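Hello,

Here is the structure you are taking over. Please open it first, then read my notes below.

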Amino acid sequence: MPALGLVGWARWIWRQLTSMKTALWLLVLLAIAAVPGSLVPQRTADPNGVLQYFKNNPDGARVLDSLQAFDVYTSVWFSAIYLLLFISLVGCVIPRTRHHWIALRAAPPLTPRRLSRMPVHEAHEVDVQDSGPVRAELVEEGMRLLRRSRYRVVTYPEPGDPTGASQSVSAERGYLRETGNLLFHVALVGILATIAIGGGYGYIGQRVVVEGQTFVNTRAAYDSFTPGRFFDNSMLDPYSLTLEKFSVQYEVQNPKALGMATDYTARVSVRDQGSSQGHTSSIKVNEPLSVGGTEVYLLGNGYAPEITVKDPTGKVVFSDTIPFLPQDANLTSLGVVKVPDGLKSQVGMIGFFYPTQAVAANGAFYSAYPDLVTPLVTFNVYTGDLGLDSGAPKSVYTLDTSSMTQVTGRGTGIDSLQLTPGQTVQLPNGLGSVELTGIKRFASFQVAHDPTQGFVFGFAIVILVGLALALFVPRRRLWVRINTSKTGRLVLEYAGLARGDDPGLAAAVTDLAQRHRSRFTNRD
Amino acid sequence: MTTSFAALSLVALYSAMAVYAIAFVAFAIDLARRSVPAATVPAEHIPVLVVAGGTSTHEAPGRTDSGPLNETTPTTRAHSRASRVAFALTVLAWLLHLGAAVLRAVAGGRVPWANMFEFSLTGSLLIVGVYLLVNLWVDLRFLGTFVIGLMLILLGVATVGFYVDVVPLPPALQSAWLVIHVFVALLATAFFALSFAASSLQLVQVRRESKPTPAVGRFARMLTTIPDAQSLDVIAYRITIVGFALWTFTLMAGSIWAERAWGRYWGWDVKEVWTFIIWVIYAAYIHAKATRGWQGNRAAWLAIIGFSAVLFNFGIVNVFFTGLHSYSGL
């Protein structure tokens, strides 16, 4: 076996990588590698699903996590496949571009010696004696017809005729097929490069806003925030956005869909940085708001009861609107109230909110309708340590009861607190009182800034156009030759060759033959 | 009002299914007749287009770089009476089916593709529609049993398993992209279904043709009356590339819609993942057609795997996976 040497090996590897066979295997691998991401929850698409997975099956989750199964699309193995695929693609596109560049400026090829060997071939003897002028006219007519059908046309002297007077016509069309093919692949690389580089300059954040509250576009104001790699806080345009009103329309006619929400509208007032005058606008699902270089999307909504807690002397120690997270279609919602200061011990309450409270046969409460008809909040009260002093971040939507004691609800001998709007009830053990002051709605917004979106869109258009050209523009060669039969009459030969799939080749040859001859016969 | 139109739609659909069922039997009879020696076939010989362009009177058979088409493809036989009846019944059933979709649209006051039942209703309508349309261009009557059989299964599952009452659109679906994105996705699926059928038959024909001695028996004789492997290869390719172009558009339109509705154009949601997987499989199919060692059988397998992924994406992902595309209505 001959030693290849370093350069030889490098060349061999490059040639293997850029071969179509390798690209094909990489495509198949890419499709297979994408599957696990749909079977296992992904951190980017479904972070709660990942947490749940860890809770349900900690050992399995750890194994999967070590294989990056929760981050499939940024994993080493998935990235390796698509990067190799793209290297292979570039290695294929560069030489093809060079070839195509040459072909674009080249004349159609020499007329084959034996046209009858071509995939499509017709020969017609016509009742006209061969002569120089007739031949010239036929060549001229063939060229004209082919040019009009947008062929690139050239004539070649016939090898049998030393005078060079008799000529054959050679024509080619469909150069756009390869142009489209190359554009398609280059645009794919373009999209990948745009996402790789440009993705770092964007950001995406979520924020829950209760009616009447104002959100200012600063990093601290977000509930969650995912910056790109090159993000810095100065990229945030600090506009402010106030949720004036959140309205929901429910289906009331159709008995099969009573209570189904048919419209969500968030009325907001927006104030740009530096301007004192705000303007109002609305945000709907499918209709985001453009402001300060960002798009603001309406992703979710729910109820936010207003809770006021007083100490036994009647002094207000806590007052806030608490967003409750919807648990079902009728908006039974779950929320947590944490009262760290002002009472004789820290108090935490886990609450359920029922916009239209109803009682099931077993005595359990549920919500029968998503709008506010007979709203009710129930609370299970806990006392003890809320765990807020440890410094570790705690979710506002969960209560860590590990160092707390339950004082109302099941097993305590004291019923859960029940509150309708405006009602006040006493906390157990003389802690104080709780009032449901009112009920508001909240909207959860997503704010996104992606400076590269336009480029990706542009490349997508190129991909679509390139693909259409590459798949549907036929690349074909046609030839016309004028021969003489033994009796001295003219024999017209037509032939065609497709390069790539070409459903219309035979029809094109027939059509050319017919029109070429019909001109000829109509002449007299 | 709404309910009565929806009920009428169901009546039309059940009638369509009944007529499809008769058409299915007629197509099956036609296939069975094909296995009878040719002498018993009625003598009126109607030449049949095998592929577009076959009308020419040229001397040499039409051959292309990508795959020659045998001029001698043995479909130059008469359409049996059964096949003509089957075809006419299919057209009739399709019109009833179309009526069912239109009535459903009237009942809902919107496009009839916003939940699993309606996806199945309109998707299957498009499969038969595309099948009838392609028949104007190339004779695919031999696929009748397959297409109508698939239809009956789809509609059966849809009416029994997926039926939901007409309800208003949730805010997330109130977008012009529902009309465009979902319709084109269903249309692409119709082309992929035909490509699957042609590719499956191609594998059968390859097996038959690769035998050293011509097989005898009724099944083998039936196979001689349908296009050979080479022709099926070309037919499958031409159908698939249309599906692929439509699927590419589906993916892009979906991205644009996702950006409007969810604030990002791509987020690896399960449905997005499977749309991507399907796209990659068919991309591989198209490359396979130009790669030595992959043409023929392997390419045909990719078309079959591709359509299996389409069915999985439709039947399993829509119904059983949780993600942002949870609009099955079930």
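**What I found**

A:Y201 has a relative accessibility of 38%, so this tyrosine counts as partly exposed. Keep in mind that the model is predicted.

The search of the whole structure gives 31 aromatic pairs over all chains. In one of them, the ring centres of A:Y201 and A:F230 are 4.9 Å apart. Where do the two residues lie? A:Y201 is in the loop between helix 8 (175-198) and strand 4 (203-210) of chain A. A:F230 is in the loop between strand 6 (224-227) and strand 7 (240-250) of chain A. The pair therefore ties together parts that are 29 residues apart in sequence.

Next, look at A:F215 and A:Y222. Their ring centres are 5.2 Å apart. Their planes are at 70°, so this pair is edge-to-face. Both A:F215 and A:Y222 are buried.

A:Y73, A:F78 and A:Y82 join B:W266, B:W268 and B:F276 in a cluster held by ring pairs.

Two arginines sit over rings. The charged end of A:R152 is over the ring of A:Y175, 4.2 Å from its centre. In chain B, B:R298 lies over the face of B:W294, 4.8 Å from the ring centre.

Side chains of opposite charge can pair when their charged atoms come close. Over all chains, the search finds 27 salt bridges. Here are some from chain A.

A:R135 pairs with A:D130. Their closest N and O atoms are 2.9 Å apart. A:D130 has 26%, so A:D130 is partly exposed.

A:E158 forms a salt bridge with A:R481, with the closest N and O atoms 2.8 Å apart. A:E158 lies in the loop between strand 2 (152-157) and strand 3 (167-173) of chain A. A:R481 is in strand 23 (residues 475-484) of chain A. The pair therefore ties together parts that are 323 residues apart in sequence. A:E158 and A:R481 are buried.

A:R499 and A:E172 meet through their side chains in a salt bridge, at 3.3 Å from N to O. A:R499 belongs to strand 24 (residues 489-499) and A:E172 to strand 3, both of chain A, so this pair ties together parts 327 residues apart in sequence. A:R499 is partly exposed, at 33% relative accessibility. A:E172 is buried, with a relative accessible area of 3%. There is also a network here: salt bridges link A:E172, A:R475, A:R477 and A:R499.

**A buried threonine**

A:T308 lies in strand 11 (residues 294-310) of chain A. Its relative accessibility is 9%, so A:T308 counts as buried. What does its side chain make a polar contact with? The partner is the side chain of A:T437, at 2.7 Å. Neighbours within four places in sequence aside, A:T308 touches A:V316, A:F318, A:S319, A:S433, A:V434, A:E435 and A:T437.

**Where the chains meet**

The size of an interface is often given as the accessible area lost when the parts come together. Chain A and chain B bury about 5200 Å² between them. Carbon and sulfur atoms carry 68% of that. In chain A, the residues that lose the most area to chain B are A:L24, A:N286 and A:D501. Together they give 13% of what that side buries.

The contact takes 66 residues from chain A and 63 residues from chain B. Three salt bridges run between the chains. A:E295 and B:R260 also meet in a salt bridge between their side chains, at 3.9 Å from N to O. Eleven residue pairs between chain A and chain B are in polar contact.

**Chain B**

Chain B has nine helices and zero strands. Of its 330 residues, 61% count as buried. Among chain B contacts with a separation of 6 or more, 83% are between residues 24 or more positions apart.

Best wishes

Notes:
Residues are numbered from 1 along each chain as its sequence is written. Chains are lettered from A and ligands numbered from 1 in the order in which they are written. This is a predicted model: local features need pLDDT of at least 70, side-chain atom pairs count only at pLDDT 80 or more; totals for chains, interfaces and linings use all residues. Side-chain values use heavy atoms; hydrogens and water are left out. Rings of Phe, Tyr and Trp (its six-membered ring) pair if their centres lie within 6.5 Å; planes under 30 degrees apart count as stacked, over 60 as edge-to-face and the rest as tilted. Helices (H or I, at least four residues) and strands (E, at least two) are DSSP runs, numbered from the N terminus. Buried means under 20% relative accessible area, exposed over 50%, partly exposed in between (1.4 Å probe, protein chains only). A charge sits over a ring if NZ of Lys or CZ of Arg is within 6 Å of the ring centre and within 35 degrees of the ring normal. Contact means heavy atoms within 4.5 Å. Buried area is the accessible area (1.4 Å probe) that two parts lose on being put together, summed over both. A salt bridge is a side-chain nitrogen of Lys or Arg within 4 Å of a carboxyl oxygen of Asp or Glu. A polar contact is a pair of N or O atoms within 3.5 Å; within protein, one must be able to donate a hydrogen and the other to accept it, and residues adjacent in sequence count only if both atoms are side-chain atoms.
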